[in-house]
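Here is a short report on a two-chain model. Please look over the structure before reading on.

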Amino acid sequence: MKDNVVLEMRNIHKYFPGVRALQNVDFTLCEGEIHALMGENGAGKSTLIKVLTGVYEKDEGQIFLKGKDKAVAIHSPQDAQKLGISTVYQEITLCPKLSVAENMYIGRLNGIGVNWRKLNKDADAILESLDIPAKATQQLGSCSLAVQQMVAIARAVDMDCKVLILDEPTSSLDEQEVAKLFKLMRDLKSRGVGIIFVTHFLDQVYEVCDKITVLRDGQLVGEYEIKDLPRVKLVAKMLGKELDDTTEIKDTSLVYDKEDAGKHVLEVEGLASVSGIKPFDFYINKGEVNGFTGLLGSGRSECVRAIFGADKVVSGTVKKDGKVIKINKPIDAMKNGIAYLPEDRKRDGIIGDLSVRENIILALQVLKGFFKPLSKAEANKFAEEYIKLLEIKTASADTPIKSLSGGNQQKAILARWLLTHPEYLILDEPTRGIDIGTKIDIQKLVLKLASEGMSITFISSETDEMLRTCSRLVVMRDRKVVGEVSGDDMNQSKIMSTIAGGESK
Amino acid sequence: MAFLKKSMGAAKKSKMTDTNLLLTITIVVFVAMYLAAVLFLGEGFLKPQAFFNMLNQNAALIIVSCGMTLVMITGGIDISVGGVVALVSMSCAVHLDHNGGSILEAVLLALGIGLAFGLIQGFLVAYLEIQPFIVTLAGMFFARGMTTIVNATQFNVAHEGFVKLKDTRIIMPEIFGTLNKHGKFIPAYIEIGVVVAILVVVILFCVLRWSKTGRKFYAVGDNNQSALMLGINVKRTKFTAHVICGLLAGIGGFVYFLHVGSGSPSHASGMEMNAIAASIIGGTMLSGGVGNIVGALFGVLSLSTIKDIVSSMGFDEAWWTGITVAAMLCIFLIIQSIVTARKSSSVAKSDG
């Protein structure tokens, strides 16, 4: 082991029934280094992290830490913590009902008596030194998600961790919050902490990381200095093939050009819902892909939720094909040919314990009514058809959907809605947290569907992706529609300036 | 319910924790209810002894509710406690009267039975990960069944030392005493069980509020996955909660026995439900992570007050008490859901 190496994992193997999740993976982390761990979903990133943090036991291989002569044994998260390995997960793993200080110290206090006053003081000092806007005695649940995440990091820092693992920490943060997090990461880096950063956002990797380790199908592809690996190459390494340049999808797309192309399929006037969005107008043409853009929390999802009837509508009218329709509940929208793929896949989308088939036919079944069940043969036919069409990777249609990877779950939910043959499809963050290959599949599918006459609203946090797929973007700020860009205006800087509130330069 | 709104409004500003907010509401409701009873019903409620009697009658329930609250904070439930109380009082009665045992032996027997239930149920819940409801349901049937096996009929204990202990009255300061019709001074008193109950409340309160172990119960109930990641031994924490709850059921059983002085298979029937009701009224959430021992105390007192109010208003039948308690539970559950909703909406606001 070299002097500045804090962590070395050698020849790690991990088997699950029927799957070789990790094969002979090596990973090396140095002091004061931010090291990206990249790979598609199912490449083995999570498994490697879980082996390192003691959630899973490795089947073979050795883990070395700085200052320890022999390979260390990690059997539980506690073991990992004691060895100075801390993890901050995508889903915040703190207790929202306890105070900030309690969250920082619980589970690692010695002795019987606890001097809370001193702990609160210590906690405040740490929070201040890291520039985290939280008070020690505040209930954690009253902080924003970003702050909660930072508290988790503060906890790790105070535990004098040598290795900090950040597992998709940015997926629920907006840009400002991400910037704060990066500042914090750089700060820790200068203190000599080795950081493993797992993310799907390529931009972020190039912004903060020093090195990249790429995994694919449970195997090590390689470790690279960031300057030696331009984006395109990174994506190619992750996918294991040279990728047809991602920016070109749009050009290959077909355009819907029947005579009713300019017709408004859906028109919305002064719609507002209990979620607090300001009344907004909106329309969508037949065969058009448009999008809502804006910062996180600007009300993008709330707009489409209002259209779909998922949030209670308080004012406004919705017209479909020129006729006023009433949408009080999602079922009303569904009956009018509107489909909605929700933002939170786990909460609003999948029903984890049901099979892929049952998840796929669900919306169609609801539309038909539960007293007219689909026959087994029909259900099977539909499921098989869409599994093939969308290339859903599943062992069989009977597999519980929760055992699929995120991207494939998303495809199955998409299949659910496509099966109802909607005229208007709303996709809210359909590509969040899924790998780049599937992302491109979904983007291509969106363009194909539109070319066949479906109207689609596509919402994504990644502006690049929106620019590639949408022909018109509605811009939002502070729960209000503030503008619209289309045609030649559609570029990053114009969108940014509209969001920021100024006119374009 | 204007006072309620007021107290909630005030709490909103000062950003109380869920636990403290619910506790405040409980205490305010209890005090208001008691004052209303004194004002409108006067007489009986006016005497300090009325209050002390409430404690005397409910000492056992307070102890049992403390255990229940603890288990509920960790996100579990224990419905065996009523059965354990019955089994303990019957076993002690038989031991004292039929076997001629000593009081010390009876106390140890009570503790032993409670501990045994806690250990076994805790093991099943924490380490074999069986639903606490199912485990303790089995525990409840077992305890009730065992009670009848130990002795099938009710009988009063005539053990000399025990009767003396049972009738021991701790005289309260003179100021609480009253004069009777003949002008004779009657001092106010509490029973030994009340002292035990108050000790239990104080000790548990301190443990839960300040100790490391205490805060772990909250963490586990809040989100046990997170608790695990924070380095807490979730299984052991759940196990401990059930053991303490069992032990408290044993202690509560003896205090109950000390109050009634008899053994009967029908003793303490429905006590587990009263304990759950008291915990909820006391601001403990069924979903775990929120709750307070002092709340359990006030929960029991509120329950008892409302029963007294109902019966002194002339609705003596048992169903009226049931209906009022149900109404009260409803109100508190609604308050809890408002508190939760308020929480999530305030978080959403700070996010947006």
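## A strand residue in chain A

Set aside the neighbours within four places in sequence, and A:Val313 is in contact with A:Leu271, A:Ser273, A:Ala306 and A:Ile327. These are features of a predicted model. A:Val313 lies in strand E13 of chain A, which covers residues 313–320.

Is A:Val313 buried or exposed? A:Val313 has 21 C-beta neighbours inside 10 Å, so A:Val313 counts as buried. A:Lys329 is 16 residues away from A:Val313 in sequence, and the two C-alpha atoms are 9.2 Å apart.

## Chain A as a whole

Chain A has 18 helices and 19 strands. Its division gives domain 1 (5–242) and domain 2 (244–337 + 423–505). The centres of domain 1 and domain 2 of chain A, taken over C-alpha atoms, are 35 Å apart.

A compact globule of 505 residues would have a radius of gyration near 23 Å; chain A has 24 Å, so the two agree. Along the principal axes, the C-alpha atoms of chain A fill a box of roughly 75 × 50 × 50 Å. Buried residues make up 46% of the 505 in chain A. Take the contacts in chain A between residues at least 6 apart in sequence: 68% of these join residues at least 24 apart.

Helix H15 of chain A runs over residues 406–418. Its 13 residues should span 18 Å at 1.5 Å a residue, and the end C-alpha atoms are 18 Å apart, so expectation and model agree. How many residues of H15(A) are buried? The count is 12 of 13, so H15(A) is mostly covered. Among the buried residues are A:Asn408, A:Lys411, A:Arg416 and A:Trp417.

Which elements cover the buried residues of H15(A)? They include strands E15 (338–341) and E16 (424–428) of chain A. Helices H12 (345–349), H13 (356–368), H14 (376–389) and H16 (436–451) of chain A are also among them.

Helix H4 of chain A covers residues 116–129. At 1.5 Å a residue, its 14 residues should span 20 Å; the end C-alpha atoms are 20 Å apart, which agrees. Just after H4(A), A:Asp131 takes a positive phi of about 65°.

## Chain B as a whole

Chain B holds 15 helices and six strands. For 352 residues, a compact globule would have a radius of gyration near 20 Å; chain B has 21 Å, which agrees. The box filled by the C-alpha atoms of chain B is roughly 70 × 55 × 35 Å along the principal axes.

Of the 352 residues in chain B, 47% count as buried. Among contacts in chain B with a separation of 6 or more, 77% come from residues 24 or more positions apart.

## Where the chains meet

In chain A, 23 residues are in contact with 28 residues of chain B. Which helix gives the most to the side of chain A that touches chain B? Helix H2 of chain A (residues 77–82) does, with three residues. By class, that side of chain A has 11 nonpolar, nine polar and three charged residues.

## Nonpolar cores

The largest nonpolar core has 172 residues. A:Val151, B:Ile63, B:Val64, B:Val85 and B:Leu248 touch the most other members. Apart from this core lies another, of 67 residues, including A:Val268, A:Phe282, A:Tyr424 and A:Phe458.

Leaving aside neighbours within four places in sequence, B:Leu248 is in contact with B:Ile63, B:Val64, B:Cys66, B:Gly67 and B:Val200. In soluble globular proteins, nonpolar side chains tend to be buried together.

Key:
Residues numbered from 1 in each chain as written. Chains lettered and ligands numbered in written order. Predicted model: local features only at pLDDT ≥ 70, side-chain atom pairs only at ≥ 80, totals over all residues. Helix = DSSP H or I, 4+ residues; strand = E, 2+ residues; numbered from the N terminus. Expected span 1.5 Å × (residues − 1). Buried ≥ 20, exposed ≤ 12 C-beta atoms within 10 Å, placed from the backbone. Contact = placed C-beta atoms within 7 Å. Core = buried A, V, L, I, M, F, W, Y, C linked by C-beta atoms within 7 Å. Nonpolar A, V, L, I, M, F, W, Y, C, P; charged D, E, K, R; others polar. Domains from an automatic or database assignment. Rg over C-alpha atoms; globule rule 2.2 N^0.38 Å.
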